[in-house]
Every structure is written in C-alpha cells, then in structure tokens.
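Student: Could you take one part of this structure and look at it closely with me? I would like to follow how that part sits among its neighbours.

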Amino acid sequence: PPQAALLEPKRSLALGVFLKQVKRPVCQIVRDIQEGVGAPYGAEKLLELSRMLPSAAEVRAGVGGPPAAPP
C-alpha cells in the first residue's frame, strides 16, 4: 500500500542525520520523550528535534507531499 510522506524531503533528511547522531533506536527516543527523560539528549538536541517534526496542522493537511512509492 502507498505510504504518505509526513515530512518534506529536506526535513526528512535532517531527521535522518539527527537520528544517526543520537545513536539510539527510534522506539527508545519516543519512549524517553513520552516518559520525560531528556537527559541523554540535552535541551539543545530536543529543541532541534522539535523544529524538524511536523506541526499538528501540517499533519492534518498532509504537507509532506504525495504518497511515497512502495520499495
């Protein structure tokens, strides 16, 4: 099935770079954020991450573009 792109290509690339720098699985990052554990990342990294993620309005509007072709 086609997948919707939630991020613009530039933001997607920046997020990929961020995830490689953090060197933690995405599920662990999400769990840490949900539990309020920010110490492993630091305020600067968390602020950087928040700037890359789509806003609620962008998610509702489907700003990322057309659905991505399946691999």
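Tutor: In this predicted model, helix α1 passes α3 in a left-handed crossing. Two packed helices are described by the angle between their axes and the distance between the axes. Here the axes of α1 and α3 come within 10 Å and cross at roughly 155°, and because an angle over 145 degrees counts as roughly antiparallel, that is how α1 and α3 are arranged relative to each other. The contact between them is made by R11, A14, L15, F18 and Q21 on the α1 side, which meet K45, E48, L49, R51 and M52 in α3.

Turning to α1 itself, the helix covers residues 9-22, and at 1.5 Å a residue its 14 residues should span 20 Å, which agrees with the 20 Å that separates its end C-alpha atoms. Within α1, the buried residues are R11, L15, F18 and V22, and because they cover an arc of only 60° around the axis, they lie on the same side of the helix. An α-helix has 3.6 residues a turn, so residues three or four places apart point the same way. Finally, α1 is followed by K23, a residue whose phi is positive, near 60°.

Notes: Residues are numbered from 1 along each chain as its sequence is written. This is a predicted model: local features need pLDDT of at least 70, side-chain atom pairs count only at pLDDT 80 or more; totals for chains, interfaces and linings use all residues. Side-chain values use heavy atoms; hydrogens and water are left out. Helices (H or I, at least four residues) and strands (E, at least two) are DSSP runs, numbered from the N terminus. The expected span of a helix is 1.5 Å times one less than its number of residues. Buried means under 20% relative accessible area, exposed over 50%, partly exposed in between (1.4 Å probe, protein chains only). The arc is that of the directions from the helix axis to the C-beta atoms. Axes are lines fitted to C-alpha atoms, for helices over the stretch in contact, and angles run from 0 to 180 degrees between N-to-C directions. Angles under 35 degrees count as roughly parallel, over 145 as roughly antiparallel, 65 to 115 as roughly perpendicular and the rest as oblique. A crossing is left-handed if the near helix is turned anticlockwise from the far one by less than a right angle, and right-handed if clockwise. Contact means heavy atoms within 4.5 Å.
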